[in-house]
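Q: Please take a close look at one part of this model and describe how that part sits among its surroundings.

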Amino acid sequence: MHRQLAVLVMMIFGANAAWAQSPRPLDQAEQIRILLERVQQLEKRVAELETKTPAAPVPAAEVSANVPAPQKPETAEAAPAPGPMHQHEPTESQATTRQLEARYPSLQIRGFGDVNFSTTDQRGATSGFNLGQLDLHLASALSHKVTYFGELTFNAQPTGYTVEVERSIIRYDYNDFFKLSFGRYHTPIGYWNTAFHHGAWLQTTISRPDMVRIGGTFIPVHFVGLLAEGNIPSGGAGLSYNVGVGNGRGSIISRPGDAGDNNNNRAWVANLYSRPTKLYGLQMGVSVYRDKITLPVVSPAGNEFREWISAAHIVWTKENPEFLAEFANVNHKNILTNAVTNNQAYYVQVGYRLPWLEKTLKPYYRFEHTHTPFSEQVFTNQDLVGSIVGLRYDITNYASFKSEYRNTKRLPTDPRVNGAFFQTDFTF
Amino acid sequence: MNATNKRVVIFFWTILWAAVTLHSPSAAQTSRGADVAVVVNSDTPIADLSLSEVRKVLLGERQYWNSKLPVVLLIRAPAARERDVVLRVIYQMSEAQFKQYWVAKIFRAEAAAPPRIVYSNDMQFELLTALPGAIAFVDSRNMRPGVKVLRVDGHVPGDKDYPLR
C-alpha cells in the first residue's frame, strides 16, 4: 500500500514538474495577439490602398514603414454602400476560402482514453491499474442535411479486448424543429446518459453514476431504432424534445437487441427538456420510457413484464458551480401475475471550478442512492448508498487527472467499502 | 502570537495574495476597443436578433436560418479581440471551456463540426460573402460593404446599450 502511494505521489509530482516546464501560455497568447493586430493593421492598409483611385505609386519602403492610425469607430449604419472593394485576383486567401467551403463526406475522428488505478478495503478485492475504454468517435457530414455519427470502444477483458459499436446514427435534419435519425443511440432518458457518453474526459468524475453505469441494467443505456428530435417554438422557455421507437431491452436486459427484438412489442421513449434563455446554463427535463421485457428463463411466475420508466433531471451546466441532479423510477409489472415493483435511483453532484491556477482545479462531490425492493423480479438487487469526493486537475485543455475517495454500501448486511481511485483521461 | 510572528504571517499572506492575483488571467487588463458587430451574409433572411438568440446560434442550438439555409459559424482564432468578446459576453466561457464545449457537442451528435476558424479580417469577409448562411463577429471599425450587420437586442454597434463590447 505504501509503495503504491509512493508511486502515485511521484506521478503527481511528475505531472506538476511537466506542467511547470511548459511555456507560459499567456506569453504565447500575447505574442499571437500582437501578430494578429499587426496582420489586421496591414489588412486595413491594403484595403485603403485598393480603394484609392489610381495615384502615383508609393515607394515600397514607405508603405511598409507606415502603420495606419486608428480610425474613428464607425457604426454599422455608417458603413459605406456596397462598392467595388476588395476585388482580389485569385489569391492564397481565396484558396483558403475554397478549402473552408463544405465538402462531403467530411469525416472527423476523435479519440478518448483513460488509465485508472484503484485500491479499496473490500475483502477479496485487489488493487492495481486498469486500462479504461479506448473510444473512437466518428462524425461525418454527408450533405448539409445528412450526418453520420459513430462511436466504437475497445474494452480490456481478462482474455483480450472486445470491440463494441456503442452508437451508430444516421440523421436527416429538416430544420431545427425536426431531425430524424436511425441507428443505435444512448437512450435519451434523463441527462447523463446523453450528455457524456463513453469518454471519461468529458465528465467531471472518474465514473458514471451507478444508475446509468455502462453495462448496468437500471435504465436501458442503449436503444436501437429511430429517433425524432428538435426544438419546440416556445420563446424564452427553450423547449426541446426527443421521441423514439425501438427494440427495447433484449434477452440480456443490459443490451438493446442489436440483432433484432426478442418480442413483437416496440419500446418507445419521450424526453422533453427546457433550457430557459434567461437562465443560461440551466436545463430541466422529464423523460418516459415504455417497453415489454421478455426474459429468456421461463419461471412459474412468468417471464414477461411491462416496464415503465419515468425520470426527471435538473442541471446547472456552468462550472461555478456545476450542479447535476437526476431521478428515475423503474416500474415493472408482471404480465402473468400483475405483481408490481418500483425501483428508484437518484444522484446529486456538485462541483466548483476554482479561480486559481488558471482554473485547472475542480473539486466535486456526488451522493447517489439506488433502491430495489426484495420483490423485484427483473433486476438483481442493485441497492447502493454511496458518496464520492474528488478533485479534477486539468493538465492541459485536452487531458485531466482525477482523484477520488469513495464510500459505498450495497445491501444492509454488507460492510461499508472505502476506496481511493485515480484516473488520467484525455481526448486526442 | 508575538509581533514578529504577525509580521511573518502578513508577509506570507501578501506574497500568496500577490501570486494568486497576478497569476489569474482575470486580472489581466483586457483592452476595451470598439463594439463587435454581428455580421451575416447579405442573403441571410434576418436583420435583428436578441442576445439570447445570438447565444443559441453560437451554442449550435439553432443550426438553420430556415429549412434550406444552414447556419455557418465563423469565429476568429484565439487571441483576437472579437473572439475574446464573443467568449466573454455570449458563451461566458474560458478558452478551455469553449474547446471542451465543442468537443462535447460533436460527441453528443448534436453538431457535425465546430465553428470554422478565421485568421484575419480579409478571410472573414471573404467567407461571409462566399458562404450562404455565414455569421461572423467583426470589430465595428473594420466594417466593409457587401454584408449585413444585425441589430442585437434592437441596438447597432455604437449605441450606448449595445451588448457586444
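Predicted model: local features only at pLDDT ≥ 70, side-chain atom pairs only at ≥ 80, totals over all residues.

A: Within α4(B), the residues Phe98(B), Val103(B), Ala104(B) and Phe107(B) are buried. A residue is termed buried here because 20 or more other C-beta atoms lie within 10 Å of its own. The buried residues of α4(B) pack against elements of two chains: from chain A, β1 (106-120), β3 (134-141) and β17 (417-427), and from chain B, α3 (81-91). After the helix comes Ala109(B), which has a positive phi, near 65°.

The partner chain provides the wider setting. Chain A contains five helices and 17 strands, and 27% of its 428 residues count as buried. Among contacts in chain A with a separation of 6 or more, 54% join residues 24 or more positions apart. Chain A is divided into domain 1, residues 1-50, and domain 2, residues 112-427. The centres of these two domains, taken over C-alpha atoms, are separated by 35 Å.

Elsewhere in chain A, strand β8 (residues 239-246) pairs in the antiparallel sense with β7 (residues 222-232) over eight bridges, and Gly230(A) stands opposite Tyr241(A) of β8(A). Strand β8(A) also pairs in the antiparallel sense with β9 (residues 267-274), over eight bridges, where Trp268(A) is the bridge partner of Val245(A).

Technical notes. Residues numbered from 1 in each chain as written. Chains lettered and ligands numbered in written order. Buried ≥ 20, exposed ≤ 12 C-beta atoms within 10 Å, placed from the backbone. Helix = DSSP H or I, 4+ residues; strand = E, 2+ residues; numbered from the N terminus. Contact = placed C-beta atoms within 7 Å. Domains from an automatic or database assignment. Pairing = 2+ DSSP bridges.
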